[in-house]
Structures are given as structure tokens and as C-alpha cells.
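Welcome, and please open the model in your viewer. We will take it stop by stop, with something to select at each one.

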Amino acid sequence: MTAPYTWTFTTIAAPACPCTVFSAASNPATVTVNDPSGVELGMKFRSDVAGNITGVRFYKGTQNTGTHTGYLWSGTGSLLASVTFTGETASGWQQASFANPVAIAANTTYLVSYYAPNGFYSANSGYFSSAADNAPLHGLASGTDGPNGVYRYGNAAFPTNSYNNTNYWVDAVFTTTAAPAPAVTSTSPANNASAVPTTTAPTATFNQAVTASSITYTLKDAANTAVPGTTSYDGTTNTATFTPTAALANSTTYTATISGATNPAGQTMTAPYTWTFTTTGGPVCPCSVFSAASIPTTVTVNDPSGVELGMKFRSDVAGNVTGVRFYKGSQNTGTHTGYLWSGTGSLLASVTFTGETASGWQDATFASPVAIAANTTYLVSYYAPNGFYSANGGYFFGSSADNAPLHGLASGTDGPNGVYRYGDAAFPTDSYNNTNYWVDVDFTAP
């Protein structure tokens with residue numbers, strides 16, 4: 001070349017957003033498809049730049065009735081947000097905004113869909129044989145990332161079926177406004193909460209969807225010792241939960257910290273979020289599962305046979321069982337004997353009741369306390385030699401009898417509860433209707 005050659009050009013203006021793949025003037029070729037089935041209808045799309053999806057829109061014909069719900073999914077099927085449409089017009093484009101914008105990354109596949117509960121949706125067959133472009137957004141051509149124009153019969157089901165590259169006229173509302181970084185908006189327990197149960201699993205809720213693997217969640221006691229446990233994340237509610245492997249200590253202040261949470265666009269929390277709470281005081285013992293004021297529904301069952309009656313129980317803490325108690329009706333006569341068993345049937349202690357009253361709670365103390373372990377099943381029973389015992393049918397069905405640290409187990413926790421066996425000093429294994437026979441322990445914690 002004898003000399004350099006120079007020329008100039010000017011780039012296109014930045015996209016004007018909020019924006020969508022389809023314009024307000026875009027209309028379906030077929031406004032109403034003759035299909036009355038409820039169906040999820042979707043479109044795969046990408047953006048040239050990172051930004052926020054603020055909502056969902058879809059084109060509606062007059063027969064497309066019912067309550068519509070819009071969804072935003074990752075390209076692999078993780079639900080990122082949903083919204084119910086309200087105030088719809090009879091036909092035309094409908095739009096609904098998410099409670100919180102969802103940050104998306106550039107050049108990454110996402111899927112927007114809506115549920116048509118009564119069918120009769122709009123469609124253009126063969127539409128996605130080529131891309132639908134409105135920079136920075138692109139409705140992908142089929143084959144770019146699998147088929148496009150997707151559907152699935154059933155609500156809130158990630159649509160993966162496709163037929164003839166059909167456009168079902170669902171769209172995303174996008175803005176290039178910088179997305180806020182993830183932040184914690186609420187916690188449970190709340191900051192500085194007191195008297196928190198020792199069985200709590202603290203949670204933290206974010207202002208937007210985050211990537212589960214990016215979350216660092218720690219819980220430490222007053223000595224700054226980390227509590228062992230596991231972290232889980234619920235993408236539907238944007239909530240992270242820390243579940244300790246064991247019950248927390250009583251009367252202890254704990255500090256929870258969330259850090260590192262990153263949204264799908266790659267933005268990370270600006271700083272760790274920390275809060276504290278204090279657990280409840282230790283149990284007041286001596287204690288029992290049932291209070292002195294607890295009274296059976298049926299004080300006297302019409303059964304004159306001698307029978308061993310029992311209840312499976314556990315304690316949250318290690319301690320000592322010092323005796324046995326049971327509720328007595330006036331016809332429950334004879335000499336009663338109380339027993340403590342391991343969960344597998346080893347007899348640990350027994351005691352004969354003396355000085356009984358005619359009715360009400362009776363109590364007998366072992367010659368020596370019996371040490372029991374925390375979170376371990378034991379069984380307490382008593383022998384009613386002449387029957388006519390007290391009972392509540394269905395008592396242990398679906399619920400336990402709780403008076404922390406003691407718990408009369410719900411049936412199914414460790415086999416059936418409310419157990420019996422005809423014959424004295426025989427480990428009771430039979431059960432009928434999850435019945436509570438009103439036998440209990442006296443327990444002391446260290």
C-alpha cells in the first residue's frame with residue numbers, strides 16, 4: 001500500500017429497555033387453537049447482556065379463560081420466579097410483574113412460560129425454524145439449544161415437549177437496569193430473638209434467587225465454636241436453611257452468618273449477613289410427659305383382663321428415670337407394678353405401687369434411678385391385674401405427646417405407640433388404634 005486507508009462508522013444505540021422479544025403490535029396467526037386442555041406453554045430465550053427479568057407476558061384470545069400463571073425457569077428447569085395474572089383484558093397481550101426482578105446472565109438460555117388452564121391458546125406453527133430477534137433479546141431458533149416452542153400438559157411443570165417449532169406467544173419482560181446484589185431480607189429466628197427452641201433450624205430469605213452452591217452458612221455458639229449441620233436451599237421461596245445435626249444447647253446465644261450467595265447473573269452479596277438468637281432455658285425437672293391435670297377421656301375401659309399397658313418415649317437430653325406413674329379409675333383395682341424397658345425389650349427396672357388412692361394419678365419410685373440416653377426410645381408400662389384401665393383411642397396417631405425434654409412418640413416414629421400385652425411383666429408389643437393407656441415416667445435431668 002502506498003498509504004494507510006482510513007474510514008469511520010457509528011455503532012447502534014444501546015437497546016431501549018424495558019423490552020421484549022415480541023412488540024405490542026405482534027399478533028398470532030392463530031389466535032385460538034381448538035384445544036381445551038390445561039397446558040404449560042413456553043419459549044426459550046437469551047439476552048446479549050446481563051439484566052433483570054421483571055415479568056411475563058402472553059397473547060390471549062377470548063376463549064383462553066381462567067386464571068393464568070407465568071413462570072421463569074433456568075435452561076435446565078429450575079423455577080426462578082412465578083406470578084399470577086390479574087386484571088386481564090378479554091384479549092390481546094397480558095402482562096404480570098414478579099414480586100422481585102430476577103437477574104439473568106448474558107448469552108445464557110432461560111425459559112419463559114405460562115399456564116393456560118382451559119386451553120384455547122394462541123400459536124404460530126413453524127415459527128422457531130428461525131430466531132425471533134429484538135436485541136438484546138432473542139427467542140432461540142430450534143436447534144440452538146434443543147427445540148423451541150415448548151409445552152407440557154399440567155401446571156407449573158417445566159415444559160420440554162415440542163411440536164413443529166411452534167410459537168405459543170409467551171414472552172419475557174427484560175430491563176438492562178443493573179440488578180441489585182443478593183441480600184438477606186428476613187430471618188427466622190429474628191435477630192436478638194430469645195427463648196428459641198433448641199430444635200430450631202434457622203432460615204434466611206433472600207431478595208432474589210441465588211445459586212444454592214454459592215451459599216456459605218455458619219452457626220456458632222458463644223465460644224465461637226461452629227455447630228455441625230447441613231445447609232439446604234428452597235428455590236421457590238429463596239430461603240436457605242441450616243439444620244444442626246443435634247439439638248442446640250439451652251440458654252445459649254448463637255450467631256448465624258450467611259455469605260457468598262451469588263445470583264444467576266454472577267453478582268455476589270456485598271457483605272456477610274449476621275444475626276444472633278438465644279435458646280430457651282433448660283427443662284424444669286423432675287418432669288413427666290403428662291401433667292397432673294391431664295385426665296383420660298375414658299377413665300374406665302370395660303375389660304376385666306389382667307394386662308400390661310405401655311408407652312414408648314424419648315428424652316431430648318440424657319438423665320434419669322426415677323419412677324413410673326399411671327392414671328387410675330376406681331375400678332382399676334389390685335396390686336399394680338410399674339416397669340421401665342429398653343426400646344428392644346430389656347427390663348431395666350420395676351417397682352410395686354403402694355399407698356394408692358382410689359382414683360387419679362398414682363406414682364411409684366424405683367429403688368435406684370435408671371440412667372437413659374438422649375434421643376433414644378424406651379418404654380414405660382404398668383400391670384393392671386384386674387383390667388378396667390384408662391384409655392384414649394387414636395391418641396398417638398399422627399402426633400406425639402410433648403413436654404420437653406420428654407416425648408411420648410407418635411405412632412410410626414419407632415413402630416406403633418400405645419402398646420399392651422395380656423400377662424404381667426411381659427414386654428408389651430401389641431397395639432390397637434394408637435391408644436394412650438395413660439402410663440408415664442418420672443424424669444430428672446442433670
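Which residues have the most contacts inside the largest nonpolar core? Select F22, M43, F45, I53, L72 and F98: these have the most contacts inside that core, which has 36 residues. A nonpolar core here is a set of buried Ala, Val, Leu, Ile, Met, Phe, Trp, Tyr and Cys residues joined through side-chain atoms within 4.5 Å. Buried means under 20% relative accessible area, exposed over 50%, and partly exposed in between (1.4 Å probe, protein chains only).

Before moving on, a word on what you are viewing. This is a predicted model, in which local features need pLDDT of at least 70 and side-chain atom pairs count only at pLDDT 80 or more, while totals for chains, interfaces and linings use all residues. Residues are numbered from 1 along each chain as its sequence is written, and side-chain values use heavy atoms, with hydrogens and water left out.

Strands are DSSP runs (E, at least two residues), numbered from the N terminus. Strand 1 (39-47) supplies at least two core residues, as do strand 2 (51-60), strand 4 (79-84), strand 5 (92-104), strand 6 (110-116) and strand 11 (170-175). Strand 5 gives the largest share, 5 residues.

Next, show strand 3 (residues 69-74) beside strand 4: the two pair in the antiparallel sense over 5 bridges. Strands count as paired if DSSP finds at least two bridges between them. Pick W73 and you will find L79 of strand 4 standing opposite. The two strands form a hairpin with 4 residues between them, and G77 in the turn has a positive phi of about 105°.

**Salt bridges**

How many salt bridges does the structure hold? There are 6, each defined as a side-chain nitrogen of Lys or Arg within 4 Å of a carboxyl oxygen of Asp or Glu. Let us visit three of them.

- Select K60 and E88, whose closest N and O atoms are 2.7 Å apart. K60 lies in strand 2 and E88 in the loop between strand 4 and strand 5, so the pair ties together parts that are 28 residues apart in sequence. K60 is buried, at 9% relative accessible area, whereas E88 is partly exposed, at 24%.
- Select R314 and D414, where the closest N and O atoms are 3.9 Å apart. R314 is in strand 20 (residues 307-315) and D414 in the loop between strand 27 (406-408) and strand 28 (419-421), 100 residues apart. R314 is partly exposed at 24%, and D414 is partly exposed at 34%.
- Select R325 and D440, which meet at 2.8 Å, N to O. This pair links strand 21 (residues 319-328) to strand 30 (residues 439-444), 115 residues apart. Both R325 and D440 are buried.

Zoom in on strand 13 and strand 19 (residues 273-279), which run parallel and are joined by 2 bridges. V196 stands opposite T279 in strand 19.

**Last stop: the surface**

Finally, switch to a surface view and select M1, Y5, W7 and F9, which make a nonpolar surface patch of about 710 Å². F9 lies in the segment before strand 1, and at 69% relative accessibility F9 counts as exposed. Patch members have over 30% relative accessible area and no salt bridge, with like charges joined within 9 Å and nonpolar side chains (Val, Leu, Ile, Met, Phe, Trp, Tyr) within 5 Å. Accessible areas come from the Shrake-Rupley method with a 1.4 Å probe; for residues, only the protein chains shown count as cover.
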